Amino acid sequence: MPQDRNTRRRKIQVLIIDDHPAVCAGVSSILRYEKDMEVCGCAGSAAQALPAIRKMKPNLAMLDISLPDGDGMQHSYQAKLRPVCRAS
């Protein structure tokens, strides 16, 4: 059923948190093809992630659990993120 302008869903906002620029670029490139998702930003460290989460208020944060300035999972709790899944 076609949707009119008033009933369209907003895109899922994704924040990528990873200290490797190639990962941010690669994931951003892949998500560009998803009609219901868009990358709202990338953060390269835990120190950058917390302010980015507060400012951008993403629906989803893709978080590297091994960041150079701390444990990504610990920072997710500080940002009050609710883990959906965990990959090792």
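The following is a set of questions and answers about one predicted model.

Biologist: What pattern does the protein chain follow along the sequence?
Modeller: Helices (H or I, at least four residues) and strands (E, at least two) are DSSP runs, numbered from the N terminus. The protein chain has three helices and five strands. Read along the sequence, they give β-α-β-α-β-β-β-α.

Biologist: In what order do the three strands of the open sheet stand?
Modeller: Two strands pair if DSSP finds at least two bridges between them. Six bridges join β1 to β2, and four bridges join β1 (residues 12–17) to β3. The pairing is parallel, and the order is β2-β1-β3.

Biologist: Why is one side of β2 and of β3 left without a neighbour in the sheet?
Modeller: Strands of a sheet pair through backbone hydrogen bonds, either parallel or antiparallel. β2 (37–43) and β3 (60–63) each have a single partner strand, so one side of each has no neighbour in the sheet: both stand at the edges.

Biologist: Which residue of β2 is the bridge partner of Ile16?
Modeller: β1 and β2 run parallel and are joined by six bridges. On the other pairing, Ile17 has Leu63 in β3 as its bridge partner. For Ile16, the partner in β2 is Cys42.

Biologist: What is the handedness of the β-α-β crossover from β1 to β2?
Modeller: The chain crosses from β1 through α1 to β2. A crossover is right-handed if, with the strands pointing away from the viewer, the path from the first strand over the helix to the second runs clockwise. By that rule this crossover is right-handed.

Biologist: What angle does the direction of helix α1 make with that of β2?
Modeller: Axes are lines fitted to C-alpha atoms, for helices over the stretch in contact, and angles run from 0 to 180 degrees between N-to-C directions. Contact means heavy atoms within 4.5 Å. Helix α1 (residues 21–31) packs on the sheet and touches β1, β2 and β3. Its direction makes with that of β2 an angle of about 170°.

Biologist: Which strands does helix α2 lie across?
Modeller: In helix α2 (residues 46–56), Ala46, Ala49, Leu50, Ala52 and Ile53 are buried. Leaving aside neighbours within four places in sequence, Ala52 is in contact with Leu15 and Lys57. The helix runs at about 170° to β1, and the strands it lies across are β1 and β2.

Biologist: How many disulfides does the structure hold?
Modeller: A disulfide is a pair of cysteine sulfur atoms within 2.5 Å. For Cys40, the nearest cysteine sulfur is that of Cys42, 8.7 Å away. For Cys42, the nearest is that of Cys24, 3.7 Å away. The number of disulfides is zero.

Biologist: Is Cys42 buried or partly exposed?
Modeller: Ala25, which lies in helix α1, is 17 residues from Cys42 in sequence and 8.8 Å from Cys42 in space, C-alpha to C-alpha. Ala25 has 46% relative accessibility and counts as partly exposed. Cys42 has a relative accessible area of 41%, so Cys42 is partly exposed.

Biologist: What is the phi of Lys57?
Modeller: Most residues other than glycine have a negative phi, and most peptide bonds are trans. Lys57 is found in the loop between α2 and β3 and is exposed, with a relative accessible area of 61%. Although Lys57 is not a glycine, its phi is positive, about 50°.

How values were computed:
Residues numbered from 1 in each chain as written. Predicted model: local features only at pLDDT ≥ 70, side-chain atom pairs only at ≥ 80, totals over all residues. Heavy atoms only, no water. Buried < 20%, exposed > 50% of the residue type's maximum accessible area, 1.4 Å probe, protein only.
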